Each structure stands twice: as C-alpha cells, then as structure tokens.
Amino acid sequence: MRQFGTVTSVKTANKIKTMNKIDSKVRANEIIGTKQIFENPMNESFSIKLNGQTVEAFPGETVFQVADRTEVKIPSLCHDDRLAPAGACRVCLVEVAGQRRLQPGCAWVVTPDMEITTESDRIEKHRTILYNLYMADHELDDAGLPIETGNGNELRELCKTVAPMGLEPVSAPRAARPGDDNPYIQFNPELCILCARCTRYCDEVEAVNAITLSHRGAETTIETAGQRSLIDTTCELCGGCIDTCPTGALIEKKAPVNLVQLGGTEAVRSTCNFCGVGCQLDLHVQNDKVVKITSPEPGETLNDGNLCVKGRFAYDFVHHPDRITEPLIRGTDGLLHPATWQEAISATAEGLMKVRDQHGADALGFVSSSRCTGEENYLMQKLSRAAFRTNNIHQCAAT
Ligand code: SF4
Ligand code: SF4
Ligand code: FES
C-alpha cells in the first residue's frame with residue numbers, strides 16, 4: 001500500500017493515518033471498479049446530502065467515513081478501518097441518487113452534491129434477505145440465530161434485527177485444516193462468511209500472506225499453501241486474523257470458552273512488557289486469573305488494534321509456579337534465600353561499591369534492557385555516570 005510518510009508525532013501520526021486511510025479507499029475504489037472522477041483537487045470540503053441532511057465531506061472520503069463523523073450508523077461485516085475496503089459482505093449497501101443498484105457504503109467515495117440514503121424500505125428488504133441467506137449457510141443455535149463464540153459474532157447481532165424467513169440450509173463443503181497443530185489459532189469453516197478480513201489483514205497489515213481465499217463457489221474457504229499447519233507457513237502467529245474475524249470462525253485455541261456467556265471477566269488495560277514499544281493490552285481477568293488478552297480497538301492506542309504473538313498469547317507466565325515473585329539473595333551457603341527489596345538493593349549497592357573501591361569505577365559495567373521504559377533507562381545511565389562515575393553503560397537494543 002502506498003504510504004504518505006513515517007510517524008514523527010502523535011498529531012502527525014493521526015494526520016498520516018487519515019491520509020493513508022483515504023488513500024486506501026481511493027485505491028480500493030479503483031480496484032473494485034467503482035470509478036469516479038474527483039473534480040476537487042484542492043482538498044476543499046464540499047456538501048453532500050446524507051439522509052436528507054446537508055453534511056460536509058472531503059475529497060476521497062467514503063460514505064462510511066462521512067456517516068461515521070455525522071454519527072449515522074451503517075451496519076458492516078467485512079469492513080475494518082485498518083484495511084482497504086473489499087465490498088465483500090454487501091451488508092452496508094446504501095442508496096445513491098442516480099445509481100440503479102444499491103452501492104457499498106464502505107467503498108463508495110463521495111463527490112460534491114451526492115445524495116445518499118442509508119435507511120429505506122428497499123435497504124431494509126435487502127438486509128432481511130441478505131441476513132437470512134447468511135443464516136442459511138451458518139451454524140445456528142436453538143433460537144435459529146448464528147451461534148455465539150468466544151470472540152462474539154457480529155453476524156448474530158445483525159440477524160437479530162430482521163425477521164427469519166426459514167430458508168433451507170445450504171450445503172457448503174468448505175475445507176477446514178484438521179491437521180493444523182499450531183498452538184494458538186483454530187479455524188471453523190462453518191462460521192466463515194468469506195469476508196476476507198483475515199486474509200486482507202494478513203496481507204495489508206502483517207505483510208505475511210500466510211492465508212488466502214481458495215477454491216470456488218460453495219467450496220470457497222480460507223487456506224494456507226497446501227493446507228499446511230500455520231506453524232509450517234510464513235505465519236507469525238500474531239493472532240490479528242482472530243482479532244478482525246467478525247464471526248468467531250477464527251478463534252483462540254487457548255481461550256475457546258465463551259467468555260461472553262461465562263460472564264464475570266474484567267478487562268484491565270495494561271502495557272505489554274515483552275519489549276519497549278509500549279503496546280497497550282486488555283487483560284481479561286476471571287477469578288484473579290488472566291484468561292485471555294486482546295488489543296484495544298484500532299485507533300485507540302499506539303498499536304492500533306495490533307499485537308505480536310508474545311503480547312497476545314504469551315500470558316501463561318503470569319501464573320506460572322516457577323515465577324520469581326520476591327527478591328532472592330545468594331547466601332554464604334551458595335543458595336538463594338528470600339529477602340526484602342530493601343535488603344536486596346542494599347546488597348547490590350554494597351557489592352558494586354566493593355568492586356569500585358578495589359578495582360576502580362571502570363571495572364564496573366551497567367547494561368539496561370529494552371523492556372524497561374525510557375525513564376528507567378535514563379535512570380540507569382544516571383546511576384552509572386553520576387553515582388558510580390563510569391561511562392560503561394549500554395542498552396541491549398543498541399547492539
Ligand atoms: S496469525 Fe497473523 S500472520 Fe498468521 S495467518 Fe493470522 S494474520 Fe497472518
Ligand atoms: S475466517 Fe473470519 S475473517 Fe476470515 S473470511 Fe472467514 S469470517 Fe472473514
Ligand atoms: S462492509 Fe461494505 S461490503 Fe462489507
């Protein structure tokens with residue numbers, strides 16, 4: 001994807017993000033053939049009519065972006081702000097004056113004086129038929145609704161808004177990956193609506209392309225090359241495909257229980273401590289135990305809804321019995337003994353001062369960690385230079 005620049009500040013980052021999003025929408029419109037002519041090269045705003053109201057729009061914006069800003073809600077399934085629109089699910093279709101067919105609000109770029117309608121009898125009829133078609137090709141619960149999953153199910157919520165038509169179930173022999181023994185990600189093709197959010201995320205955000213849409217018609221499914229286990233592909237096990245999947249067709253193996261139904265989980269915002277980037281996490285805690293980790297919503301924090309394999313899945317250490325939870329000092333017997341923090345810090349200071357007094361300050365060396373904050377790294381070099389008078393200070397990220 002063409003990018004407008006690199007991030008230099010939060011303000012610049014937001015501006016670049018907006019420009020990149022607009023660019024991706026324009027590019028997507030070129031790709032899916034909804035070609036339109038932009039007659040406003042000066043980036044000046046213009047007016048359009050949205051549900052009869054005059055609203056401001058900017059060149060390159062999609063119906064979705066204008067609607068979002070004006071708090072008009074348009075349903076969607078295949079849309080993710082981080083991805084170029086695919087126009088795949090047809091849930092977001094709106095009426096555009098002068099267009100014979102309903103058009104996808106997620107991908108349709110507005111132009112001056114355009115008239116858009118997002119709610120009408122025609123759109124309602126379209127949604128009712130569409131959701132019922134989805135239900136005919138989806139695993140349903142006893143109430144006849146798409147099943148709930150550990151990651152929720154956006155299709156289920158949409159289907160609740162229309163009357164059931166009782167369509168005959170569709171037989172769609174889509175392949176799963178039964179031999180996929182990767183430790184984290186599970187794929188259930190019966191819940192897949194082929195929105196391609198997972199494959200686009202893997203391509204556009206991760207630049208990995210471990211998964212793709214394959215086969216045709218009712219056999220279309222999400223596959224790896226040769227149906228290999230994800231762990232035998234280029235997959236980085238980032239779990240971003242799980243995060244973006246709207247139906248729970250992709251789900252975590254580690255937390256397969258339905259946390260929504262179990263209830264009692266509390267989301268605690270925290271900072272990942274695997275490296276110094278500072279990605280934000282939501283720890284889902286149940287009975288004082290972390291049972292799952294997700295990223296805050298895209299656009300909320302610096303990691304923009306993304307996490308790496310460690311941040312998303314490596315939380316078992318929190319409750320591991322081997323974890324060291326208190327300071328230990330090696331005694332004259334050669335064994336480690338529990339101590340207070342004050343005793344541990346005093347023992348460390350005494351040891352360092354002993355080396356300095358016997359061998360000089362340059363006999364000491366300090367190495368800090370990229371897992372520490374900038375402030376902690378700053379204090380480490382102060383300790384080295386100001387307290388112990390040596391410039392032997394290093395940080396692991398510098399090598
Ligand atoms: S875990 Fe990440 S790298 Fe692997 S398939 Fe999913 S999005 Fe792609
Ligand atoms: S697995 Fe999920 S994200 Fe991927 S195509 Fe199917 S429904 Fe969409
Ligand atoms: S959200 Fe627009 S087509 Fe899916």
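Which helices each supply at least two residues of the shell around ligand 1? The helices are α5 (197-205) and α6 (240-244). The model examined here is predicted; local features need pLDDT of at least 70, side-chain atom pairs count only at pLDDT 80 or more, and totals for chains, interfaces and linings use all residues. Residues are numbered from 1 along each chain as its sequence is written, while chains are lettered from A and ligands numbered from 1 in the order in which they are written.

The shell around ligand 1 holds 15 residues. A residue is near a molecule if its C-beta atom, placed from the backbone, lies within 6 Å of it. C202, A210, C235, C238 and C241 come nearest to ligand 1. By class, its shell has 11 nonpolar, two polar and two charged residues. Ala, Val, Leu, Ile, Met, Phe, Trp, Tyr, Cys and Pro count as nonpolar; Asp, Glu, Lys and Arg count as charged; the others, Gly among them, count as polar. Ligand 2 is surrounded by 13 residues. The closest are C192, C195, C198, C245 and A249. Here the classes are 10 nonpolar, two polar and one charged.

Helices (H or I, at least four residues) and strands (E, at least two) are DSSP runs, numbered from the N terminus. Five strands form an open sheet in the order β2-β1-β5-β3-β4, with mixed pairing. Its edge strands, β2 (53-57) and β4 (103-104), each pair on one side only. Two strands pair if DSSP finds at least two bridges between them. Strands β1 (residues 46-50) and β5 (residues 115-117) run parallel and are joined by two bridges. K49 stands opposite E115 in β5.

Helix α3 (residues 121-136) has 16 residues. From first C-alpha to last it reaches 23 Å, close to the 22 Å expected at 1.5 Å a residue. The expected span is 1.5 Å times one less than the number of residues. R127, Y131, Y134 and M135 are the buried residues of α3 (20 or more other C-beta atoms within 10 Å of their own, C-beta atoms being placed from the backbone). Seen down the axis, these fall within an arc of 95 degrees, so they line one face of the helix. The arc is that of the directions from the helix axis to the C-beta atoms. The buried residues pack against α4 (154-159), with contact meaning C-beta atoms, placed from the backbone, within 7 Å.

Helix α10 (residues 374-387) has 14 residues and should span 20 Å at 1.5 Å a residue. Its end C-alpha atoms are 19 Å apart, which agrees. R389 follows α10 and has a positive phi, near 60 degrees.

Note on methods
A residue is buried if 20 or more other C-beta atoms lie within 10 Å of its own, exposed if 12 or fewer, and partly exposed in between; C-beta atoms are placed from the backbone. Two residues are in contact if their C-beta atoms, placed from the backbone, lie within 7 Å.
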